[in-house]
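Open the model in your viewer and keep the selection tool at hand. The tour goes from stop to stop, and each one says what to pick.

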Amino acid sequence: MQIVILGAGYAGLRAAIDLDRLLRERKRTDAVILVDQFPYHQLVQVLHHTVASSAPVQEAIYDLATLLQKSEVRFVQGRAARLLPHECRVELEDGQSLPYDRLVLTLGAETAYLVPGAQEHTLDLRTYEHAVRLHNHLIAQFTAAAQTTDQQQQRMLMTTAIVGGSYTGCQLAGELAAWVDDLCRETGAPRSQVRIALVERGHLLLRQFGLWATREAERALDRLGVSVYLDTAVESVEPQTLRVAGGRVLRAATLVWAAGMKGPDLLRESGLPVDATGHVRTDRYLRVIDYPVIFAAGDCAAIPDLVEGQVPSTASYAMRQGSHLAESLLAEIEGRPPRTYEPVRLGELVSLGPEYAVGNPLGMPIVGYPAVLMKRGIETWYRSILTGKA
Ligand SMILES: Cc1cc2nc3c(=O)[nH]c(=O)nc-3n(C[C@H](O)[C@H](O)[C@H](O)COP(=O)(O)OP(=O)(O)OC[C@H]3O[C@@H](n4cnc5c(N)ncnc54)[C@H](O)[C@@H]3O)c2cc1C
């Protein structure tokens, strides 16, 4: 059998490595092909460190060839351009065609630019490339600010507005606020002109955690000098300008869009069943509805959950879904019935700068430095299982 896995993120890489191990333990020779547009695996959940770090910013990526060198997984670097479910093959942008017996979709999510002008005039943060671009953009703005004496111009250059008060927006705001002292020292830009705004259209930050986390996040970000604007809906974006409801305008040289995500367009374009936000719909076996040989996991999938309606999109769920898929695919290969996927609620942790975090590991609210230590511990654990040191 040939199994093609599209996307080597948290879900896809885990599925590939686990399936390879299970097959080899059984001395099977089925082929596992892992495809990604990049030659590296990205730790998306630490990209905000890459943006806001003066040190070399390599900590967020791992070379896939090295990670897979002890396995039989064949890695193909390429961007999936077309899925042809009725012919059981995938076409890559470079023209390669990959036939499959089973296909696994672990393509992650794409940014949903919800208002006019957002795509053209904001930066986003979903990939390592985005993080490096944002990092370099900020250095360029601060460097330019150091070279002018016009205070209005300086303030504009040193203002960053982040749209979206969820994981990405809060973590980025916290990390940036902690970085600006170093950035000003290194570029010579005046510290007094720094402004960081976090703009959220709802009345809660980190709404998946509830009000207590919103209050903690607001307090922590406020201490770091971030201005939080709740109930502030951005209606359109122009160059260096956010237009918000009520006719107000917010000007900033750096605009970051962290306000929405959707399933990859490729899924809808290929005729697969998707929900209103373009996520491919699966059953509780992670099998795409009406497509018996296609499976999906992670942020690109809409997976039903008896408790929450739909399984949340986070790295810990994605990883476990990848492992679950490996077992299901082995069951398919061996002609056994698969098990249903049952989401394990381990909770989440969100950093608010290097010294503070909030979260609900195993359902218990936790704030402050203990939460930071716990989050770092999880990151270290993930790195060690990646590199085979756990
Ligand atoms: C800044 C930020 C901070 C976050 N922080 C946290 C956190 O603290 N905790 C947490 O649990 N979650 C966090 N998340 C969410 C978490 O990162 C995602 O839930 C997780 O990455 C989903 O894993 P995935 O495998 O579905 O997708 P991804 O990890 O995004 O992997 C998708 C892979 O598919 C590849 N790909 C996409 N399209 C194509 C194509 N057409 N062809 C080939 N390859 C393709 C991509 O290159 C990528 O490698 C954060 C997200 C962001 C953006």
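Select Thr-314 to begin. Thr-314 counts as buried, at 10% relative accessibility. Buried means under 20% relative accessible area, exposed means over 50%, and partly exposed lies in between, with a 1.4 Å probe and protein chains only.

This is a predicted model: local features need pLDDT of at least 70, side-chain atom pairs count only at pLDDT 80 or more, and totals for chains, interfaces and linings use all residues. Residues are numbered from 1 along each chain as its sequence is written, and side-chain values use heavy atoms, with hydrogens and water left out.

**Around Thr-314**

Stay on Thr-314. It sits in the loop between strand E24 (309-310) and H10. Helices (H or I, at least four residues) and strands (E, at least two) are DSSP runs, numbered from the N terminus. Now show the side chain of Glu-348. A polar contact of 3.2 Å joins it to the side chain of Thr-314. A polar contact is a pair of N or O atoms within 3.5 Å; within protein, one must be able to donate a hydrogen and the other to accept it, and residues adjacent in sequence count only if both atoms are side-chain atoms. Leaving aside neighbours within four places in sequence, Thr-314 is in contact (heavy atoms within 4.5 Å) with Tyr-167, Asp-299 and Glu-348.

**The ligand**

Select the ligand next. How many residues surround the ligand? There are 31, and the closest are Asp-36, Gln-37, Ala-80, Asp-299 and Lys-375. A residue is near a molecule if one of its heavy atoms lies within 4 Å of it.

Pick out the ligand's oxygen atoms. One oxygen atom is 2.8 Å from an N or O atom in the side chain of Gln-37. For Ala-11, an oxygen atom of the ligand is 2.9 Å from a polar backbone atom. At Ala-315, a backbone N or O atom lies 3.0 Å from an oxygen atom of the ligand. The protein covers 94% of the 990 Å² of accessible area that the ligand has on its own. Accessible areas come from the Shrake-Rupley method with a 1.4 Å probe; for residues, only the protein chains shown count as cover.

Colour the elements around the ligand. Helix H1 (10-25), helix H7 (167-187) and helix H10 (315-334) each give two or more residues to the shell. By class, the shell has twelve nonpolar, 14 polar and five charged residues. Ala, Val, Leu, Ile, Met, Phe, Trp, Tyr, Cys and Pro count as nonpolar, Asp, Glu, Lys and Arg as charged, and the others, Gly among them, as polar.

**Ile-17**

Select Ile-17, in helix H1. Ile-17 counts as partly exposed, at 21% relative accessibility. Draw a C-alpha to C-alpha distance to Gly-322: 9.3 Å in space, against 305 residues in sequence.

**Helix H11**

Go to Lys-375, which belongs to helix H11. Is Lys-375 buried or exposed? It is buried, with a relative accessible area of 7%. Beyond its neighbours within four places in sequence, Lys-375 is in contact with Gln-45, Gln-171, Leu-349, Val-350 and Ser-351.

H11 has 18 residues and reaches 26 Å from its first C-alpha to its last, close to the 26 Å expected at 1.5 Å a residue. The expected span is 1.5 Å times one less than the number of residues. Buried residues in H11 include Ala-371, Val-372, Glu-379 and Tyr-382.

Now pick Trp-381, also in H11. Trp-381 is partly exposed, with a relative accessible area of 38%. Past the helix, find Gly-388, which follows H11 and has a positive phi, near 75°.

Most residues other than glycine have a negative phi. Cys-88 is in the loop between strand E6 (80-84) and strand E7 (89-92). At 27% relative accessibility, Cys-88 is partly exposed.

Then select Leu-206, again not a glycine, with a positive phi of about 45°. The loop here runs between strand E13 (195-199) and helix H8 (211-224). Leu-206 is buried, at 0% relative accessibility.

**Last stop: Ala-146**

Finish on Ala-146, in helix H5 (residues 128-146). Ala-146 is partly exposed, at 31% relative accessible area. Not counting residues up to four places away in sequence, Ala-146 touches Thr-187, Gly-188 and Ala-189. Pro-190 is 44 residues from Ala-146 in sequence and 6.9 Å in space, C-alpha to C-alpha.
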